[in-house]
Amino acid sequence: MPQTFADPARPGPALRAQDLHVSFGDLKVLRGVSFDLAKGEGAVLLGANGCGKSTLMRALNGLAPVASGQIWVEGQAIVGAPLRAVRAARRQMGYVFQQFNLVPQLSAHQNVLFGAMGQRPLGVLGVMNAFARAEDRERAMACLDRVGLADRATHRPAELSGGQQQRVAIARMLMQAPRVVIADEPIASLDPKAGREVLDLLWRIVEEEGLSLLCTLHQLDLAEEYGRRLIGMKAGRIVLDAATGSVERAELDALYTGAARVDAAPEGVAA
Ligand SMILES: Nc1ncnc2c1ncn2[C@@H]1O[C@H](COP(=O)(O)OP(=O)(O)OP(=O)(O)O)[C@@H](O)[C@H]1O
């Protein structure tokens, strides 16, 4: 059985990855990734296309096959753990994706209600409008209000701008009441103004709720502005992990030069 470090007397990190290895066929994508994310900490994950960021995010969500290593979510080990424990740990994690992942046929309010799905025994049925508890419907409205979209509750995603759709996705994440938020390029589909609005909102909510955030971004200026900590990946490894103020721009630029992709550095040490 995987060990846990959930000891109320010794509160551990919200998220811990230890020596994670993930391969697809012969391609070693994660090559020993380790980091801790403290409770209430907001970190930005940086790295060139193909260096393994999305694979790391997917591994944290149990969607990429972890060959070895361990992941703890709020003290619960999930690699090799029984399905029930994995599901419980996953409920503590909220996701914000580049493409928003809203259900096109449903209103903003219904999409937010979906955030409660994991908390209801009936799953998807339990959050459909006809069956949803009044308290869930009210909470979904309150979440939409938090992101400034209460007046768009009945709108479908296609009737909303990209920035508004991402705010609905953030409201859905809030509805889920996670402890850890994983945001995978949340502003990649947005123009600069909408992108900033989304980052302001995301960081404000994470701070107000005392959540932990791991967010990938491709814009170095924004990474330095929003992240208190920068984690840099190169060819499947973490090669930089430091408080933002202590990192030189040249160190960030170096993440994008040389053999940064995992398929460009089959075995070599990334640096
Ligand atoms: N399911 C998969 N099957 C095979 N190869 C994969 C799979 N997922 C990712 N890869 C490969 O793993 C490498 C890293 O991909 P990944 O998407 O993790 O990079 P990334 O850093 O997130 O890049 P980007 O910034 O472009 O999203 C790539 O070479 C990719 O082709």
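## Strand pairing around β1

β1 pairs with strand β4 (residues 66–73) in the antiparallel sense, over six bridges. Two strands count as paired if DSSP finds at least two bridges between them. Strands are DSSP runs of E with at least two residues, helices are runs of H or I with at least four, and both are numbered from the N terminus. Gln18 has Gln70 in β4 as its bridge partner.

β1 (residues 15–24) is also joined to β2, antiparallel, by eight bridges. Here His21 is bridged to Arg31 of β2. The hairpin of β1 and β2 has two residues between the strands, and Gly25 takes a positive phi near 60° there.

The model is a prediction: local features need pLDDT of at least 70, side-chain atom pairs count only at pLDDT 80 or more, and totals for chains, interfaces and linings use all residues. Numbering starts from 1 along each chain as its sequence is written.

## The open sheet

Six strands form an open sheet of mixed pairing, in the order β6-β7-β8-β3-β9-β10. β6 (93–97) and β10 (237–243) stand at the edges with a single partner strand each, so one side of each has no neighbour in the sheet. From one strand to the next, the twist averages 15°. Angles run from 0 to 180 degrees between N-to-C directions, with axes fitted to C-alpha atoms, for helices over the stretch in contact.

Within this sheet, β3 (residues 42–46) and β8 (residues 212–216) pair in the parallel sense over four bridges. Val44 has Cys215 in β8 as its bridge partner. Helix α5 (residues 162–176) packs on the sheet and touches β6 and β7 (180–184); its direction makes about 175° with that of β6.

The pairs described so far are listed here.

| Strand pair | Sense | Bridges |
|---|---|---|
| β1 and β4 | antiparallel | six bridges |
| β1 and β2 | antiparallel | eight bridges |
| β3 and β8 | parallel | four bridges |

## The ligand shell

Which residues come nearest to the ligand? Of the 13 around it, they are Phe24, Asn49, Lys53, Ser54 and Thr55. A residue is near a molecule if its C-beta atom, placed from the backbone, lies within 6 Å of it. β2 (27–37) and α1 (53–60) each supply at least two shell residues. α1 gives the largest share, three residues. By class, the shell has five nonpolar, six polar and two charged residues. Nonpolar means Ala, Val, Leu, Ile, Met, Phe, Trp, Tyr, Cys and Pro; charged means Asp, Glu, Lys and Arg; the others, Gly among them, are polar.

## Arg133

Arg133 lies in the loop between α3 (108–113) and α4 (134–146). It is partly exposed because 13 other C-beta atoms lie within 10 Å. Arg133 and Leu113 are 20 residues apart in sequence and 10.0 Å apart in space, C-alpha to C-alpha.

## Whole chain and confidence

The chain holds eight helices and 10 strands. Of its 271 residues, 41% are buried. The average pLDDT, the predictor's confidence in each residue from 0 to 100, is 89 for the chain, and 89% of the residues score at least 70. Over residues 1–7 the pLDDT is below 50. The model scores ipTM 0.96 and pTM 0.89.

Terms used: Buried ≥ 20, exposed ≤ 12 C-beta atoms within 10 Å, placed from the backbone. Contact = placed C-beta atoms within 7 Å.
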